Amino acid sequence: MTTQVFGHKSPDTDSTGSPIVWAWYLNEVKGVAAAPKLLGEPNTEALFMLERWNLDKPEIIDGVEAGAPVVIVDTNNPAELPEGINDADITAIIDHHKLVGGLETKGPIDITIRPLACTATIMYDLMDDDAAKMPEAVKGAALTCILSDTLEFRSPTTTDRDREVVAALAGELGIDVSAYAAEMFAAKSDVSAFSDAELIRMDSKEYAVDGTKFRVSVLETTAPEIPLNRKDSLMETYKTVQAEDGVDEVLLFVVDILKEEATLLVPNDLVKGVAEKSFGATVEGDLVVLPGIMSRKKQIIPNLKV
């Protein structure tokens, strides 16, 4: 059977590109039939990557059959994966997030979780010398993933190894990193065509704190005024998203890539309390600016308090 390679729901650039990278490696180097998949529509930056490097958009799936071989990348959290994931034959996990627990496998598997900024960086290292065999389009996908997850090295998750791999890939591709990243971030910032619910879910993860279930959403942009001008309708839509997704509250952080700060929308006293207890903020009104906050994984999720 063909091994399906996929990342988390609400796929960002890493969860779109890394399945493409690893499926190529399994097919062309390891001789294992593999296909990249998506667990939802990719964001605008991921779509830019696919078009820029002339890559086919992976098939979107909403579940996996029992016993089907799969490789999970860019997550190890069952809440971000299809229902019934534990009935599939998970053959490997490649990730850069904290270990959550809850996944079950049919037997011993390969698990690689490393404290790097991007799954694609881990894959590059796992391939060793075979990484040089990647065609330009696959190298371009890997480069885009790393620049996205590091926010062109602005994110505190960035490591020296991420920088080194970007330098190697950009050199081989003849890419000016700053110019290319600017194109990526412009694509990421073009969210005008999305509904409020789509924006809230576009790059989001479910996370529970002391019994309160949150949908923690991040919009990374060089044009924060676009989503912030919609703050009233976005906060009104929280109610719909909460009801449909079975969460207690939405936390939406608009990350200004250039200013290196996040703005949290504050619709009620619960979120006000979260902002004050988690980030030491003083909240006045329905917005609060959090200087230096860039990373959900390293700065937001670990600090959340109710």
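## A buried methionine

Met127 has a relative accessibility of 1% and therefore counts as buried (under 20% relative accessible area; exposed is over 50% and partly exposed is in between, with a 1.4 Å probe and protein chains only). The model is predicted, so local features need pLDDT of at least 70 and side-chain atom pairs count only at pLDDT 80 or more, while totals for chains, interfaces and linings use all residues. Residues are numbered from 1 along each chain as its sequence is written, and side-chain values use heavy atoms, with hydrogens and water left out.

Met127 belongs to helix H3 (residues 119-127). Helices (H or I, at least four residues) and strands (E, at least two) are DSSP runs, numbered from the N terminus. With neighbours within four places in sequence left aside, Met127 is in contact with Val21, Trp22, Trp24, Tyr25 and Met134, where contact means heavy atoms within 4.5 Å. Met127 and Val29 are 98 residues apart along the chain, and their C-alpha atoms are separated by 9.0 Å.

## Helix H2 against H6

Two packed helices are described by the angle between their axes and the distance between the axes. For helix H2 (residues 44-52) and helix H6 (residues 177-189), the angle is about 130° and the axes are 7 Å apart. That angle makes H2 oblique to H6. Axes are lines fitted to C-alpha atoms, for helices over the stretch in contact, and angles run from 0 to 180 degrees between N-to-C directions; under 35 degrees is roughly parallel, over 145 roughly antiparallel, 65 to 115 roughly perpendicular and the rest oblique.

From H2, Thr44, Glu45, Phe48 and Arg52 meet Tyr180, Glu183, Met184, Phe185, Ala187 and Lys188 of H6. This contact of H2 with H6 has five nonpolar, one polar and four charged residues (Ala, Val, Leu, Ile, Met, Phe, Trp, Tyr, Cys and Pro are nonpolar, Asp, Glu, Lys and Arg charged, and the others, Gly among them, polar).

## Helix H1 against H2

Helix H1 (residues 13-28) packs on H2 at an angle of about 30°, with the axes 8 Å apart. Here Thr13, Thr16, Gly17 and Ile20 of H1 meet Glu45, Ala46, Met49 and Leu50 of H2. By class, the residues of this contact are four nonpolar, three polar and one charged.

## The whole chain

The protein chain has 11 helices and 11 strands. Its C-alpha atoms fill a box of roughly 60 × 45 × 35 Å along the principal axes. Of the 306 residues, 58% are buried.
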